[in-house]
Amino acid sequence: MRVYLDDTREAPNGWTKITNYFDLIEFLEDYKDEIKEISLDHDLGEEKTGYDACKWMVENEYWIPIIRIHSANVVGIKNMYQLLDRYAPDNVMIVIDSFRN
């Protein structure tokens, strides 16, 4: 399963779209062993951001094999990448995608 966190962009074909932090956390807890890839936006139009989702993953040692970051917020991308890169195990691939419209 592939999960796409974004409040405004359409998810690519074959991805499950989630629009906010709280729904994402619930989904991650419900489908822990089924998610193979996730793509995270930073700005979600609410107080919680994609960075908060990354913090949750680190704090809960919740690792998905491929973690992608897509955002127009370059500072957000940098912060998310640095956090994940510091704590993710070696078998987790962290990818910064080009901004998707």
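I began with Asp 6, which counts as buried because its relative accessibility is 0%; buried means under 20% relative accessible area, exposed over 50% and partly exposed in between, with a 1.4 Å probe and protein chains only. The model is predicted: local features need pLDDT of at least 70, side-chain atom pairs count only at pLDDT 80 or more, and totals for chains, interfaces and linings use all residues. Residues are numbered from 1 along each chain as its sequence is written, and side-chain values use heavy atoms, with hydrogens and water left out.

**Entry: Asp 6**

I placed Asp 6 in the loop between strand S1 (2-5) and strand S2 (16-18). Strands (E, at least two residues) and helices (H or I, at least four) are DSSP runs, numbered from the N terminus. I then listed contacts, meaning heavy atoms within 4.5 Å. Leaving out residues up to four places away in sequence, Asp 6 touches Lys 17, Ile 18, Thr 19, Asp 41, Leu 44 and His 70. Its side chain also makes a polar contact of 2.4 Å with the side chain of Arg 9. A polar contact is a pair of N or O atoms within 3.5 Å; within protein, one must be able to donate a hydrogen and the other to accept it, and residues adjacent in sequence count only if both atoms are side-chain atoms.

**Entry: Ser 71**

From Asp 6 I went to Ser 71, 65 residues apart along the chain, with 8.9 Å between the C-alpha atoms. Ser 71 sits in the loop between S4 and H3 and counts as buried because its relative accessibility is 5%. I found a polar contact of 3.2 Å between the side chains of Ser 71 and Asp 41. A polar atom of the Ser 71 side chain also lies 3.0 Å from the backbone nitrogen of Asn 73.

**Entry: H2 and its ends**

How many of the 10 residues of H2 are buried? I counted seven, so H2 is largely enclosed by the rest of the structure. They are Gly 50, Asp 52, Ala 53, Cys 54, Trp 56, Met 57 and Val 58. Their cover includes S1, H1, strand S3 (37-40), strand S4 (66-69) and helix H3 (74-87).

At the N-terminal end of H2 I noted a cap by Thr 49, with a side-chain oxygen 3.1 Å from the backbone nitrogen of Tyr 51. After H2 comes Glu 61, in the loop between H2 and S4. Glu 61 is exposed, at a relative accessible area of 61%.

I took axes as lines fitted to C-alpha atoms, for helices over the stretch in contact, with angles from 0 to 180 degrees between N-to-C directions. The axes of H1 (residues 21-30) and H2 (residues 50-59) come within 10 Å and cross at roughly 30°. H1 and H2 are therefore roughly parallel; that label covers angles under 35 degrees, with over 145 roughly antiparallel, 65 to 115 roughly perpendicular and the rest oblique. Tyr 21, Leu 24, Ile 25, Leu 28 and Glu 29 of H1 meet Asp 52, Ala 53 and Trp 56 of H2.

The axes of H2 and H3 come within 9 Å and cross at roughly 10°, so these helices are also roughly parallel to each other. On the H2 side I listed Gly 50, Tyr 51, Cys 54, Lys 55 and Val 58, and on the H3 side Asn 79, Met 80, Leu 83, Leu 84 and Tyr 87.
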